[in-house]
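This note is intended for a colleague who is meeting the structure for the first time. Please read the points below with the sequence and the model in view.

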Amino acid sequence: MPSNKSVSDAPIVQFTNCRILRDHRLQREDLWVREGKILNPEKLFFDEKGSADIQLDCKGSIIAPGFIDVQINGGFGVDFSLATEDFKSGIDLVSQKILSHGVTSFCPTLVTSPPSVYQQVLPQIRVRNGGVHGAGILGAHLEGPFISKEKKGAHPEHCIRTFEAGAFQDLLATYGSLDHVRIVTLAPEMKRSSEVIRELTKRGICVSLGHSVANLSQAEEAVQHGATFITHLFNAMLPFHHRDPGIVGLLTSDKIPPGRRVFYGMISDGIHTNPAALRIAHRAHPKGLVLVTDAIAGMGLAPGRHTLGQQVVEIDGLNTYIAGTKTLSGSVATMDTCVRHFLEATGCSVETALEAASLHPAQLLGIEHKKGTLNYDSDADFLMLNDSLYVQATYIAGEEVWRQDVLGM
């Protein structure tokens, strides 16, 4: 039998004294990592006759897959919906800073903007792996401008657009390109939206329903054409009504095509969604819940005035409003805070709370074979957390990229 060195010269790291989230439960076993991937120790022992080069004592920590944020508008003074000259350094700053929140991959999100903004910003968003430089970028989330004016939320009305004849070409002309685009949020009740959903889905782009006055049958039709996500459930859509539950009704619809799962984003910050609404959604469709921050440029900064694309917003405590109004405009919550709030509000298991921020977003994007789990051969993007789910360290491709300093623990 060959030794491990004949397979690879890369060092093998064994994380000991930990509980690993695998197969939906925390298990007392070690985690083995080599060359940025999670190793199967049985293959290592029996096929390679190998052993660990480095052992790290995790001191009883939980090890969970890295968090994936599919809706984040910015943070730390950086607004992804502003076409600035130093946009690249801004996105680099956010990707570096969110490592401390346990986020190892994310989708930079643009709110409804003029075509010129998309055409300046999108070429600067590149899909890339994470590392010490910051969290990986999975592609852009374009939230608008093809949304309902009645449910525009914090989106500027003058930039909202409808689909004209040749709807998909209209969308392409607005965005300039779909390279490095991962998610598009649109309102499914708009005329010609079906052909757009089909074309986007054909290109591997996730279609999300949101900022919409769609009824349930319109939402179901969108899912039948390929839509798989709901943008921030309950926010910026018709409220649940017992005779026509609208988009919310997708959570228990019997019209979802076989083998298809509808996922839904929730901003679990204690502001956007009442804990009872969080519990209702979770109990109705637990396997579809995806935690998102919907964080804006003011995340990580002091209260005051900040931007969200074309609008000025005011931060007051944990509340963020369009300046001079009481219209909520994104959040300043961090992903680890959302996970802890979700756990507390729903009384779910620790495993369930962690998977809502890791496994479920990975499944939504179809990358669960690489991210969102600690399965063998998947990317070694993971977190060490204490029992209260505070992040102690963040790893990407098996390399430590952030650690809580001892004094702050």
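1. The model under review is a predicted one. Its chain is divided into domain 1, made of residues 13-64 and 373-403, and domain 2, which covers residues 66-365. The C-alpha centres of domain 1 and domain 2 are 30 Å apart.

2. The contact between the domains involves 22 residues of domain 1 and 22 residues of domain 2. The size of an interface is often given as the accessible area lost when the parts come together. Here domain 1 and domain 2 bury about 1700 Å² between them, and 72% of that area lies on carbon and sulfur atoms. Of the area that domain 1 buries against domain 2, His 24, Leu 389 and Ile 396 supply 31%, more than any other three residues.

3. What polar and charged links are counted across this interface? Between domain 1 and domain 2 there are five residue pairs in polar contact, with both residues at pLDDT 80 or more, whereas the count of salt bridges is zero. On the side of domain 1 that touches domain 2, five strands each supply at least two residues: strand 3 (25-28), strand 7 (62-65), strand 22 (382-385), strand 23 (391-396) and strand 24 (399-403). By class, that side of domain 1 has 14 nonpolar, four polar and four charged residues.

4. Two of the strands that supply this side of domain 1, strand 23 and strand 24, also pair with each other in the antiparallel sense, over four bridges. In this pairing Ala 393 stands opposite Arg 403 of strand 24. The hairpin has two residues between the strands, and Ala 397 takes a positive phi near 50° there.

5. A separate point concerns an open sheet of four strands, in the order 5-4-1-6 and with mixed pairing. Strands of a sheet pair through backbone hydrogen bonds, either parallel or antiparallel. Strand 5 (37-38) and strand 6 (54-57) stand at the edges with a single partner strand each, so one side of each has no neighbour in the sheet.

6. How do strand 4 and strand 5 pair, parallel or antiparallel? Strand 4, residues 31-34, pairs with strand 5 in the antiparallel sense over two bridges. Arg 34 stands opposite Lys 37 in strand 5.

Conventions:
Residues numbered from 1 in each chain as written. Predicted model: local features only at pLDDT ≥ 70, side-chain atom pairs only at ≥ 80, totals over all residues. Heavy atoms only, no water. Domains from an automatic or database assignment. Contact = heavy atoms within 4.5 Å. Buried area = accessible area lost by both parts, 1.4 Å probe. Salt bridge = Lys/Arg side-chain N within 4 Å of Asp/Glu carboxyl O. Polar contact = N/O pair within 3.5 Å; in protein donor to acceptor, adjacent residues only side chain to side chain. Nonpolar A, V, L, I, M, F, W, Y, C, P; charged D, E, K, R; others polar. Pairing = 2+ DSSP bridges.
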